[in-house]
Amino acid sequence: MSAIVLMDGGMGQELIARSRHPVHPLWSAFVLLQEPEIVREVHRDYIEAGARVITVNAYAATGPRLERDGLGGDFAALQEAACRLAHQARDEAAAEAVLVAGCLPPLVASYHPEAVPPQADALREYRRIVAAQAPHVDLFLCETMSLAREARAAAEAAAESGKPVWVAWTLADEGGTRLRSGETVEDAAAALDGLPVAAHLVNCCHPERVDAAMPTLVALPGPVGAYANAFQSVAQLRIGGTVAALAPRQDLGPARYADFAAGWVAGGARLVGGCCEVGPAHIAAVADRLTGAGHNIVGSLPC
């Protein structure tokens with residue numbers, strides 16, 4: 001059977017469940033400052049659930065987001081803390097071959113392609129993140145990319161580090177298999193031409209959208225994968241708002257999510273994990289399902 005890269009699940013919603021603080025617009029970055037111990041615990045729980053790739057908790061720690069909410073001076077400290085806590089969790093879990101992925105997220109807001117900065121500005125900001133994370137990570141994950149040129153800027157900056165680059169686009173909740181910008185997956189992939197992208201994925205969309213996109217994904221060169229969310233909808237999330245506006249689905253427990261992940265693997269995916277509202281129990285169920293089917297769970301892509 002196949003070697004499957006099992007990634008972790010969502011960080012932000014797990015932090016909401018464990019934190020004693022109300023949700024903040026810079027939520028996952030805010031927790032780095034206020035309750036770093038629970039970030040480490042979530043990383044460790046994902047490793048113990050079977051994940052072999054964990055992503056640093058730097059999703060909200062971009063320069064534009066921090067400046068908007070008055071924490072611009074904390075950029076370096078937050079990036080350092082995100083990387084350090086991932087390494088501490090990996091050391092505590094003492095699991096074999098766990099890789100730490102750097103995080104290159106939307107710079108301004110998730111799901112809002114209209115908010116992506118001009119290309120030169122985006123590239124400069126992504127280079128700043130890469131410079132902070134590169135000494136501490138094994139690869140870079142450009143994730144929740146809603147616009148082709150956004151992914152291009154993130155991937156270009158990541159490639160300059162010499163580390164492997166994975167790119168994950170977020171798809172519209174309705175209307176086929178297009179990015180939230182309306183661009184096709186094929187066009188988004190073409191925008192990455194000339195860059196050493198090691199894997200193409202989709203993330204932070206309904207698992208049903210992943211099902212629909214899988215035939216298109218597997219036609220792309222190299223390994224492909226997916227990690228879906230379990231939100232009912234993301235339409236209510238405004239720029240500068242909080243995820244408190246979003247509600248989870250009630251029909252995507254661990255077993256049902258594992259059904260979807262197993263289907264993606266059957267369709268050709270070689271990387272699977274989870275995004276928002278997909279927690280350690282979901283990842284454990286996916287691990288059990290895949291190993292039960294004879295797959296070998298790994299953390300890195302085959303050479």
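**View 1. The largest cavity of the predicted model.**
Two cavities of 30 Å³ or more are present in the structure. The largest cavity holds about 660 Å³ of space. Its lining is made up of 43 residues, and G12, S28, Y59, S110 and C276 are the closest to the centre of the cavity. Several helices and a strand take part: α1 (12–18), α2 (27–34), α4 (63–68) and β4 (139–145) each provide at least two lining residues. By class, the lining of the largest cavity has 22 nonpolar, 16 polar and five charged residues. Rolling a probe the size of a water molecule over the atoms shows where such empty space is left.

**View 2. The second largest cavity.**
The volume of the second largest cavity is about 30 Å³. Which residues line the second largest cavity? They are P106, L107, V108, A109, H112, A115, V116, P117 and E150. Seven residues of this lining are nonpolar, one is polar and one is charged.

**View 3. Helices α6 and α7.**
Two packed helices are described by the angle between their axes and the distance between the axes. Helix α6 spans residues 119–133 and helix α7 spans residues 148–159; their axes lie 8 Å apart, at an angle of about 40°. The two helices α6 and α7 are therefore oblique to each other. Where α6 passes α7, the crossing is right-handed. On the α6 side the contact is made by Q119, A122, L123, Y126, R127 and V130, and on the α7 side by R149, E150, R152, A153, A154, E156, A157 and A158. The contact of α6 with α7 contains eight nonpolar, one polar and five charged residues.

**View 4. Helices α10 and α11.**
Helix α10 covers residues 254–266 and helix α11 covers residues 280–292. Their axes come within 8 Å of each other and cross at roughly 50°. An angle of that kind counts as oblique, and α10 and α11 are therefore described as oblique to each other. The crossing in which α10 passes α11 is right-handed. From α10, the residues P254, A255, Y257, A258, D259, A261, A262 and V265 meet A281, H282, A285, V286, R289 and L290 from α11. This contact of α10 with α11 divides into 11 nonpolar, one polar and two charged residues.

**View 5. Helices α3 and α5.**
Helix α3 (residues 36–49) packs against helix α5 (residues 75–93) at an angle of about 50°, and the two axes are 8 Å apart. This angle makes α3 oblique to α5. What is the handedness of the crossing in which α3 passes α5? The crossing of α3 and α5 is right-handed. In α3, the residues P36, V39, R40, H43, R44 and I47 meet L85, A86, Q88, A89, R90, E92 and A93 of α5. Seven nonpolar, two polar and four charged residues form the contact of α3 with α5.

Key
Residues are numbered from 1 along each chain as its sequence is written. This is a predicted model: local features need pLDDT of at least 70, side-chain atom pairs count only at pLDDT 80 or more; totals for chains, interfaces and linings use all residues. Side-chain values use heavy atoms; hydrogens and water are left out. On a 1 Å grid over the protein atoms alone, a cavity is a set of points where a 1.4 Å probe fits but cannot get out, and a pocket is an open set with protein on both sides within 12 Å along at least five of seven lines; lining residues have an atom within 4 Å of a point. Grid points are joined across faces, edges and corners, and a volume is the space filled by probe spheres set on the points. Helices (H or I, at least four residues) and strands (E, at least two) are DSSP runs, numbered from the N terminus. Ala, Val, Leu, Ile, Met, Phe, Trp, Tyr, Cys and Pro count as nonpolar, Asp, Glu, Lys and Arg as charged, and the others, Gly among them, as polar. Axes are lines fitted to C-alpha atoms, for helices over the stretch in contact, and angles run from 0 to 180 degrees between N-to-C directions. Angles under 35 degrees count as roughly parallel, over 145 as roughly antiparallel, 65 to 115 as roughly perpendicular and the rest as oblique. A crossing is left-handed if the near helix is turned anticlockwise from the far one by less than a right angle, and right-handed if clockwise. Contact means heavy atoms within 4.5 Å.
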